[in-house]
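Hi everyone, thanks for coming.

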Amino acid sequence: MSHILWDKYLEFEVGLNEINRISQLYTRIIQLPIQKLDHYYHSYKQFITLHTLSDLQTDEEKIATMAAMPATTITEANNVEAGAAEGVVDEEGNMMGAKVEGSVKQEQGSEWSEENELAKFNYFRDELYKAAKEQDARISDYESAIRRPYFHVKPLDDAQLANWHRYLDFMEKEGDFAKVVKLYERCLIACANYPEYWIRYVSHMDLQGSMEYAVDALTRATQIFVKRRPEIHLFAARFKEEHGDIEGARLEYQFLNSTLAPGLLESIVRAANFEYRQANIDGASMVFTSAIEYEKSKEESRALPYLFIQYARFLDQVVQDTEKARGVYADALAFLPLSKTLWEALIHFETYRSGPKDLERLESLIEEATSAPKPDVPGLSAVDREEISNIYLEFVDLFGDLERLKKAEARHRHLFPLRKTLESRKRSSDGSGSDRAKMLKVSASSPAQAGGPAYANGQSQWGAGYGQQGYVQPSQAWQQQPAQQAQAQPQQWNAAYGPQPAGYNAYGTYGAYGATQPQALPPPQQQPAAAYGSYAQGYTPQAFPQQPAYPQQPAYTQQQAPAQQAYYPAYY
């Protein structure tokens, strides 16, 4: 899109009427894959026809032309004068020796002519134009995808950002260093607010051995364009360390951790690792302790548990000081006793570290964490306490003896119902988390626990008060039995469902463990709120308005089922 500038440049040179400069400018333009390339090429061809070759040629081309010209064309007059002075002249006034010598040279240079030189001149420009056209064909897709070549504070869309990366990949593979630099500079006009392109530019210049370009780009990025972005300073610290500027790298980390982004976990960990690489273990520990103290001063810090964990990991795995790492966990749990993340990290710390396990100490901590909180003392939620207890059971099962395992299991059963224990183990094995655990708790007051299985033979019975369930299963239309028939026999299902797989029957055991007889269903007004096993507590109970009835199912021929309430329009 630079044709507007080239037009102004040509207008300026034409106004000066310097033919040689205009020709040189056209030669520059037709080498570039710009939008009006064909226009400039045809204009130049017309311009050539209006002027002589000597006016169009550059000084270098004139010297080459003179070297190719026959010697007699240049020296004929001088030779005649010299021959006349010596008296060696024929009847027509020509010097005899010069004539013979000139005829040889004329024969040797018989192929030269001004027309041939003009053809060579045009051929050279034509080749430049063809190369530019080929380059234009290769980059046209990338260029057409650039919708905003100028800078704007609004972010670019993902398509344009990806196009710049693809365009840079292509140009780097071409291997023309000057073109790569120009494309990076073009890219950084539109993408000046994106550190990833500055980082890529510096890295590529460093890879090419052009430190001057790399340092210049890094300076512009860190001091002008993206100076408030932590990632560019993290990159600058690593770049300076790689090239031996240790103090410069340390200043970058200090600026990040004290001014720009205090509490940024990645910056803190990198700064500590940097100090360790400099054999400064005390400095690395100081980085962690300073960050921890800063986060402690905040009213609420999401990064503080992870800082404790990273510091303990550093001490255990890098410094090889296990006891000091255990002390960090002790201090962390004393300051954040309600952090489930820290409790889990402590168990995993003892699990995966080599050497003897501190089972006694860990057991006392787990007992403290999983005990029911006192009325006036805040504690972990029931779900979190159960999760921690399950993780500890796995730990004891792996590393403890039989007596310790039996003790841990007995305590778990005392604190949490057996049903919950089995469900929690099943949940941990399939990768589900504590959010789902909230849905898998059955109310202690549910009639399903006292009177038998929640649903017989793997099928669920939903009550008329559907809106109060809190769990929605839109994909199945359950039908309710009339009150006078529900007490006498189990629910009848459409034959189209067919026999259920064995996996469905397994869910029937969650209500009362091993009960297999169908449960007599209560009347609609007495239908239990947690009829589908345990999903009721996962959602806040809601009352839904009455909706138009579903059409009656034709498959129910033996019993007349009442019309089902269509609840999901109101639910969703």
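Let me start with a pair of helices: Pro195, Trp198, Ile199, Val202, Ser203 and Asp206 in α11 meet Glu231, Ile232, Phe235, Phe239 and Glu242 in α13. Contact here means heavy atoms within 4.5 Å, and helices are DSSP runs of H or I with at least four residues, numbered from the N terminus.

Before going on, this is a predicted model, where local features need pLDDT of at least 70 and side-chain atom pairs count only at pLDDT 80 or more, while totals for chains, interfaces and linings use all residues. Residues are numbered from 1 along each chain as its sequence is written, and side-chain values use heavy atoms, with hydrogens and water left out.

So how do α11 and α13 cross? The axes of α11 (residues 195-207) and α13 (residues 230-242), which are lines fitted to C-alpha atoms over the stretch in contact, with angles from 0 to 180 degrees between N-to-C directions, come within 9 Å and cross at roughly 15°. That makes α11 roughly parallel to α13, a label for angles under 35 degrees.

Next, α3. Its buried residues, meaning those under 20% relative accessible area with a 1.4 Å probe and protein chains only, are Leu37, Tyr40, Tyr41, Tyr44, Phe47 and Ile48. They cover an arc of only 125° around the axis, taken from the directions to the C-beta atoms, so they sit on the same side of α3. These residues pack against α1 (3-16), α2 (19-29), α4 (53-56) and α8 (114-144). On the face turned away from them are Gln46 and Thr49, both exposed, that is, over 50%.

Methods: Helices (H or I, at least four residues) and strands (E, at least two) are DSSP runs, numbered from the N terminus. Angles under 35 degrees count as roughly parallel, over 145 as roughly antiparallel, 65 to 115 as roughly perpendicular and the rest as oblique.
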